[in-house]
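Subject: A structure for you to explore

Hello,

Here is the structure I promised to pass on to you. Have a look around it first, and then read my notes below.

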Amino acid sequence: TSIPKEKIVNVHGSMGAAACELCEAEVDFDEFCDKISSNIKDITGRDENAPATSTPITCEACGNPTVKPTIVLFRGAMPQQFHRRVAEDLPECDLLIIMGTSLQVAPANSLVYRIPPTALRMVMNNEKVGRRLGIVYGEESVRDVFAHGHSDETCLDLADQMGWLPDLAEIIDELPESSATLLRHRLEQREEE
C-alpha cells in the first residue's frame with residue numbers, strides 16, 4: 001500500500017510482519033519467512049525441504065525463542081501503538097468508519113463510544129452491529145450511518161460519493177485484483193451515464 005506505515009494501526013496485528021513477543025523487536029519479514037522455511041516442520045507434508053522437526057525462531061535482540069507474526073492471539077495484549085494512537089487520535093476524530101466487524105471484542109469495540117459525541121460513525125458491514133455500544137440505526141439516528149454490503153463494495157460506494165473515482169483510477173494497477181475489477185466496472189458504468 002502507498003499509505004505511510006505510521007498511519008496504519010493493525011489492531012489485531014498482521015501476518016505480513018514479525019516481531020519478538022517479549023521484547024517487541026521487529027524482525028525483517030523476508031528473513032522471518034526464510035526462517036519459517038528452515039526451522040518449522042511442514043505438517044502438510046508438501047515441502048520436502050522442510051525440517052523433520054520444528055525449532056524455535058530466536059530473537060536476535062533478546063535471544064528468546066519468541067519470534068512470530070505480529071498477530072494478536074486471543075487474550076493477548078494489544079500493540080502499544082494501538083493505545084498510544086487511541087489517546088492521540090480519538091479526541092480529534094470527526095468520522096469513525098467501522099467495517100467488517102461484529103464489534104464483539106474489546107478493547108477495539110470501545111472506539112465506537114470513545115470518540116467525541118459530535119463525530120459521525122459509519123458502519124460498513126453485512127449486518128447492523130454495535131447497538132449495545134450505543135450505535136443507533138434508523139430515522140432516530142443523529143450520528144450513525146449504515147452502509148450495507150461487503151467492504152470492497154461499500155468503500156467503492158463511499159469513494160464514488162466523495163468524487164474520488166478519478167484518484168482511484170490512477171492507482172488501479174496497484175489494487176488487489178478483486179478491488180481493481182470492481183473499480184473498472186464502476187468506471188465503465190460512469191462512462192455510460
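Let's start at Glu193, which counts as exposed because its relative accessibility is 70%. Please keep in mind throughout that this is a predicted model.

**A network of charges**

Which residue does Glu193 meet in a salt bridge? The partner is Arg190, with 2.7 Å from N to O. Arg190 is partly exposed, at a relative accessible area of 32%. Glu193 and Arg190 belong to one network, together with Asp157, Asp160 and Arg186, joined by salt bridges that share partners.

As background, side chains of opposite charge can pair when their charged atoms come close.

Now find Arg186, which is buried at 13% relative accessibility. One of its salt bridges goes to Asp157, where the closest N and O atoms are 2.6 Å apart. Asp157 sits in helix H4 and Arg186 in helix H6 (residues 177-192), so this pair ties together parts that are 29 residues apart in sequence. Asp157 itself is partly exposed, with 34% relative accessibility.

Arg186 also meets Asp160 in a salt bridge, at 3.0 Å from N to O. This pair, too, links distant parts of the chain: Asp160 belongs to helix H4 and Arg186 to helix H6, 26 residues apart. Is Asp160 buried or exposed? Asp160 is buried, because its relative accessible area is 15% and the cut-off for buried is under 20%. In total, the structure has 10 salt bridges.

Next, look for an open sheet of three strands, in the order S4-S5-S6 with parallel pairing. Strand S4 (95-99) and strand S6 (144-148) are the edge strands, each pairing on one side only. On average, neighbouring strands in this sheet are turned by 15 degrees against each other, ignoring direction.

How many bridges join S5 to S6? There are five, and strand S5 covers residues 120-125.

Within H4, the buried residues are Thr154, Leu156, Leu158, Ala159 and Asp160. These buried residues pack against S4, S5, S6, helix H5 (165-170) and H6. Just after H4 you will find Gly163, which has a positive phi of about 80 degrees.

**Aromatic rings**

Finally, the structure holds two aromatic pairs. In one, Phe29 and Phe32 have ring centres 6.1 Å apart and planes at 35 degrees, so this pair is tilted. Phe29 and Phe32 are about one helical turn apart, because they lie three residues from each other in helix H1 (residues 29-39). Phe32 is buried at 5% relative accessibility, whereas Phe29 is partly exposed at 27%.

Tyr137 and Phe146 also form an aromatic pair, and this one is edge-to-face: the centres are 5.5 Å apart, with 85 degrees between the planes. Tyr137 counts as buried at 8% relative accessibility, while Phe146 counts as partly exposed at 24%.

Enjoy exploring!

Best wishes

Notes: Residues are numbered from 1 along each chain as its sequence is written. Side-chain values use heavy atoms; hydrogens and water are left out. Two strands pair if DSSP finds at least two bridges between them. Helices (H or I, at least four residues) and strands (E, at least two) are DSSP runs, numbered from the N terminus. Axes are lines fitted to C-alpha atoms, for helices over the stretch in contact, and angles run from 0 to 180 degrees between N-to-C directions. A salt bridge is a side-chain nitrogen of Lys or Arg within 4 Å of a carboxyl oxygen of Asp or Glu. Buried means under 20% relative accessible area, exposed over 50%, partly exposed in between (1.4 Å probe, protein chains only). Contact means heavy atoms within 4.5 Å. Rings of Phe, Tyr and Trp (its six-membered ring) pair if their centres lie within 6.5 Å; planes under 30 degrees apart count as stacked, over 60 as edge-to-face and the rest as tilted.
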